[in-house]
Amino acid sequence: MRWASNEDNHDVSTTPGTNCKSLKDLIRYLLRYPFRLAGAVYNNNQNAAEPRVYARSEHPISRANISQNALKVLYRLHEAGYQAFLVGGGVRDLLLGREPKDFDIATDARPEQVRELFRNCRLIGRRFRLAHVHFGREIIEVATFRAPHEDDDEASEAAAVTSDDGRILRDNVYGTLDQDAWRRDFTINALYYNIADFSVVDFVGGMKDLEAGRLRLIGDPDTRFREDPVRMLRAVRFAAKLGFRIDPAVEAGMHEFADLLAEISPARLFDEVLKLFHGGSAVQTFEMLRHYGLFEHLFPLTEEALAHEEEGFPVTFVLNALANTDARINEDRPVTPAFLFAALLWEPLRHEAAAIMAEDGVPEIPALQQAAHNIMSLQQRATSIPKRFGIPMREIWTLQPRFRHKSRGRALRLAAHPRFRAAYDFLCLRSRSGELPPGDCQWWTEFQETDAAGQQKLLAGAGNEGKGSGKPRRRRRRRPPKKGGGGD
């Protein structure tokens, strides 16, 4: 078969551990790469070099459902003499009858060789060297087959770096198709659509796991989670998105190694948070993250606040916020990370602001501003928040007290604020969660929908609350005139 032609070019033995020079080296190899011997478990007792190949008549993938730009890349690589496979979530979603979010390609061409074929290609990444082929706003990601690196291989040592605890810091050891399959994380993401004959190649039993609705890691969960703890977050994301059940061995590893997330950079965790909560299944994701003890490593302040409920709040507030996010995404309406983070951190912010007001006697809005600074400084240690989202977050928070003032001037100025709509949605979320009376959201809804006469009627009915907040206005003292400076 055409996809197997690369086996003639193997520069390493297909037998695990063949390159080991001593018993000590072999033991170290087996401890480091136990999943290389797990092929019998994950591939129906077949050798990793003998995958199950599903012919075109045995699977539902049609080129009509694949991005035309992805097909261009696949065909050009194939015509240039390289192997070219659609791989990952795109293949998984096509097999499940879903519309893929993006299309990734795996090939035996090196990144530099991919760039030679495409003028619209850029090479990115140090940890994983990738080729991005740009077609306007669509980017087709092309990755070279990767392989496990050997401890006694100098070239591998230079191209791949791991930490003392086994976490992968850099991984640019290139390999073959079967090696690439065994290096992937989950079986359902290790299925390859071959553009040469339109077959699906399965080294790890991913097709059977898809049919069973099962999420299973390739290899030993302990090793794979130590290599990259973010795989625990990916397990939750895929299980929530697809409605799959997580394999018991994977679940046990997640409970045991949740603390390893502390070693991941806050910037990378920010990207993962967006994938987790902006995928259309944020409510299920939130519940699963808390179940496996992962949420506290992403939002420690929120997790602490959730442990102190007030008549069902704030759990209701967070769940309502996430349900609102899911609804907007499923309706193809825009969502912003600023609103998501504002909701997730609102309860810690409320507690901090209340403490500042009680201890220091600071007015409400300055207290909110100080609390926002404190909370965001602490949150940055776990999950970073870029300034482009941090500033709108603060504005959403600090606009909340202004909704209580319903004088004509204040109401119109608030409605004209650039962040009014997001702050208004946040206000209504607080009302639906029981933190505020339902009438607060309703009043501002009507104020936006009515004309000038209707607005005047609403303001009159509100009793012009903004004029004095119930306190008599302080009269301005008149300065006495200066006495003349002349003599008697």
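Q: How many helices and strands does the protein chain have?
A: The model is predicted. Its protein chain counts 488 residues, and buried residues make up 49% of them. The secondary structure of the protein chain comes to 24 helices and 12 strands.

Q: What share of the contacts in the protein chain with a separation of 6 or more comes from residues 24 or more positions apart?
A: Contact here means heavy atoms within 4.5 Å. Of the contacts in the protein chain with a separation of 6 or more, the share from residues 24 or more positions apart is 68%.

Q: How is α10 oriented to α11: roughly parallel, roughly antiparallel, roughly perpendicular or oblique?
A: Two packed helices are described by the angle between their axes and the distance between the axes. For α10 (residues 230-242) and α11 (residues 248-257), the angle is about 130° and the axes are 10 Å apart. Because of that angle, α10 is, relative to α11, oblique.

Q: Which residues of α11 are met by Met232, Ala235 and Val236 of α10?
A: α10 passes α11 in a left-handed crossing. From α10, Met232, Ala235 and Val236 take part, and their partners in α11 are Gly253, Met254 and Phe257.

Q: By class, how many nonpolar, polar and charged residues does the contact of α10 with α11 have?
A: Gly counts as polar, whereas Ala, Val, Met and Phe count as nonpolar. The contact of α10 with α11 therefore divides by class into 5 nonpolar, 1 polar and no charged residues.

Q: Is Arg430 buried or exposed?
A: Arg430 lies in helix α22 (residues 420-432). Buried means under 20% relative accessible area. Arg430 has 9% relative accessibility, so Arg430 counts as buried.

Q: With which side chains does the side chain of Arg430 make polar contacts of 3.0 Å?
A: Leaving out residues up to four places away in sequence, Arg430 touches Phe317, Trp346, Gln400, Glu435 and Leu436. Another polar contact of 3.0 Å joins the side chain of Arg430 to that of Glu435.

Q: What is the phi of Asp332?
A: Asp332 lies in the loop between α16 (315-330) and α17, and it is exposed, with a relative accessible area of 73%. Most residues other than glycine have a negative phi. Asp332 is not a glycine, yet its phi is positive, near 60°.

Q: How many residues of helix α17 are buried?
A: Helix α17 spans residues 337-344 and is mostly covered. Among its buried residues are Pro337, Phe339 and Leu344. The count of buried residues in α17 is 8 of 8.

How values were computed:
Residues are numbered from 1 along each chain as its sequence is written. This is a predicted model: local features need pLDDT of at least 70, side-chain atom pairs count only at pLDDT 80 or more; totals for chains, interfaces and linings use all residues. Side-chain values use heavy atoms; hydrogens and water are left out. Buried means under 20% relative accessible area, exposed over 50%, partly exposed in between (1.4 Å probe, protein chains only). Helices (H or I, at least four residues) and strands (E, at least two) are DSSP runs, numbered from the N terminus. Axes are lines fitted to C-alpha atoms, for helices over the stretch in contact, and angles run from 0 to 180 degrees between N-to-C directions. Angles under 35 degrees count as roughly parallel, over 145 as roughly antiparallel, 65 to 115 as roughly perpendicular and the rest as oblique. A crossing is left-handed if the near helix is turned anticlockwise from the far one by less than a right angle, and right-handed if clockwise. A polar contact is a pair of N or O atoms within 3.5 Å; within protein, one must be able to donate a hydrogen and the other to accept it, and residues adjacent in sequence count only if both atoms are side-chain atoms.
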